[in-house]
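Subject: Structure handover

Hello,

Here is the structure we talked about. Please open it alongside this note. My findings follow below.

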Amino acid sequence: MTATRVLVLNSGSSSVKYQLLDMRDSSRLAVGLVERIGEETSRLKHTPLASGGEAREWTGPIADHDAALKAVSAELAKDGLGIDSPELAAIGHRVVHGGKQFTEPTVVDDAVLAEIERLIPVAPLHNPANLTGIRTAMGLRPDLPQVAVFDTAFHTTMPESAARYAIDVETADRHRIRRYGFHGTSHAYVSRATAKLLGKAPEDVNVIVLHLGNGASASAVRGGKCVDTSMGLTPLEGLVMGTRSGDTDPAVIFHLARVGEMSIAEIDTLLNKKSGLIGLCGDNDMREIRRRIDEGDERAQLAFDIYIHRLKKYIGAYYAVLGRVDAIAFTAGVGENAAPVREAAVAGLEQLGLAVDAGLNAVRGDEPRLISPTGARVAVAVVPTDEELEIATQTYALVGENTVEATAE
């Protein structure tokens with residue numbers, strides 16, 4: 001039989017999310033999460049979808065990522081889906097930062113590992129955890145292709161005019177300072193899915209993708225290629241997010257250091273973990289913010305207004321960058337579920353051909369759908385993202401052609 005399965009791993013500093021997919025029909029065989037790795041109260045939740053079984057969950061100490069992946073393998077094995085299965089074609093890994101070098105999914109070898117490690121200074125929270133997951137998986141299945149799929153890869157098509165900051169070129173090059181962008185697997189998937197929803201090929205469509213979750217980013221996609229995106233050297237730049245400030249005058253940092261006598265570490269924590277919605281109103285959950293607004297909470301209302309104001313600025317900017325916009329696609333947790341955000345984001349932009357139908361916007365669902373009025377000049381869509389499927393698809397496209405026939409035991 002042919003090896004057609006791909007295991008997708010998303011390794012965080014203290015967690016591992018995973019999905020096992022069969023690429024013959026892109027079906028999910030199992031999904032799960034290991035969290036609080038390194039603690040006595042580690043938790044593993046595993047759901048075997050192929051057999052229609054119920055979710056299994058247990059808590060207990062999981063010392064490290066090696067132990068976590070072994071626990072995952074054991075759970076998969078209970079359903080006949082173990083990591084040692086000959087039907088497993090590859091393991092696909094989410095890697096947050098690939099710099100300029102990695103523009104597409106890449107089979108991991110020592111040189112690739114070294115380059116991902118070299119990029120740690122520009123992704124100190126993510127790349128170390130991603131590396132740990134890859135190395136652990138390589139130890140468990142050294143015979144199997146390990147494929148790195150980079151969050152930044154989709155954005156490497158940006159022209160230099162969009163990717164470069166207006167600082168001294170030699171300094172920028174020496175320290176790799178440029179706009180890289182993130183959430184690339186989501187932007188890639190959603191832009192293609194939006195074109196499909198419109199009944200067109202990706203190369204014939206210009207889309208503004210709004211990935212709105214606790215982390216949030218926008219992208220301008222022309223003919224299937226990213227030409228601009230809101231996140232920059234790090235995921236801090238751009239839209240207002242759950243705990244990140246997004247765009248801020250760089251001199252704020254100098255002011256806080258000189259006048260506020262704050263250290264670089266304190267400012268880093270402020271902008272990344274204590275700003276955005278949580279800094280403005282004390283909540284980073286849009287559902288809670290909307291509840292507070294309904295009760296007349298002025299701080300929650302102001303936080304929402306600032307969030308929407310920034311979002312509108314990027315919609316307008318990317319409309320100008322693209323020149324022609326065929327669709328705006330909302331995705332991720334807030335984008336897919338918060339109808340008031342979608343309505344407010346396009347309100348007043350009717351002259352740009354943007355509007356939502358209140359009835360369509362209120363409908364919830366798991367499938368891509370249009371929420372703009374019939375005949376609208378620009379389609380407004382809700383397109384659920386599927387980063388795991390995108391990683392699996394890119395992984396299998398890279399190794400599937402070279403997959404040998406696996407012999408059943």
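A residue counts as buried here when its relative accessible area is under 20%. By that cut-off, Phe102 is buried, and Phe150 is buried too. Please keep in mind that this is a predicted model.

**Aromatic pairs**

The count of aromatic pairs comes to 2. Phe102 and Phe150 make up a stacked pair. Their ring centres are 4.5 Å apart, with 5° between the planes. The partners come from distant parts of the chain, 48 residues apart. Phe102 sits in the loop between strand E6 (88-95) and strand E7 (106-107). Phe150 belongs to strand E8 (residues 146-150).

Tyr314 and Tyr318 also pair, but edge-to-face. Here the centre-to-centre distance is 5.6 Å, and the planes are 75° apart. Both tyrosines lie in helix H11, and because they are 4 residues apart, about one helical turn separates them. Tyr314 and Tyr318 are both buried.

**Helix H11 against helix H13**

H11 spans residues 298-322, and H13 spans residues 339-346. The two helices pack with their axes 9 Å apart. The angle between them is about 55°. An angle between 35 and 65 degrees falls in the oblique class, so H11 and H13 are oblique to each other. Their crossing is right-handed.

Which residues of H11 and H13 meet? On the H11 side they are Phe304, Tyr307, Ile308, Leu311, Lys312 and Ile315. On the H13 side they are Pro340, Val341, Ala344 and Ala345. By class, this contact has 9 nonpolar residues, 1 charged residue and no polar ones. Lys312 is on the list of contacts, and Lys counts as charged.

**Ile371**

One more site to look at is Ile371. Ile371 is placed in the loop between strand E13 (369-370) and strand E14 (379-382). Is Ile371 buried or exposed? Its relative accessibility is 0%, so Ile371 counts as buried.

What does Ile371 touch, leaving aside residues up to four places away in sequence? The contacts are Arg342, Val356, Asp357, Leu360, Asn361, Val380, Ala381 and Val382. Arg342 falls within the range of H13 (residues 339-346). Val380, Ala381 and Val382 fall within strand E14 (379-382). As for Asp357, it is 14 residues from Ile371 along the chain. The C-alpha atoms of Ile371 and Asp357 are separated by 5.7 Å.

Best regards

Terms used. Residues are numbered from 1 along each chain as its sequence is written. This is a predicted model: local features need pLDDT of at least 70, side-chain atom pairs count only at pLDDT 80 or more; totals for chains, interfaces and linings use all residues. Side-chain values use heavy atoms; hydrogens and water are left out. Buried means under 20% relative accessible area, exposed over 50%, partly exposed in between (1.4 Å probe, protein chains only). Contact means heavy atoms within 4.5 Å. Axes are lines fitted to C-alpha atoms, for helices over the stretch in contact, and angles run from 0 to 180 degrees between N-to-C directions. Angles under 35 degrees count as roughly parallel, over 145 as roughly antiparallel, 65 to 115 as roughly perpendicular and the rest as oblique. A crossing is left-handed if the near helix is turned anticlockwise from the far one by less than a right angle, and right-handed if clockwise. Rings of Phe, Tyr and Trp (its six-membered ring) pair if their centres lie within 6.5 Å; planes under 30 degrees apart count as stacked, over 60 as edge-to-face and the rest as tilted.
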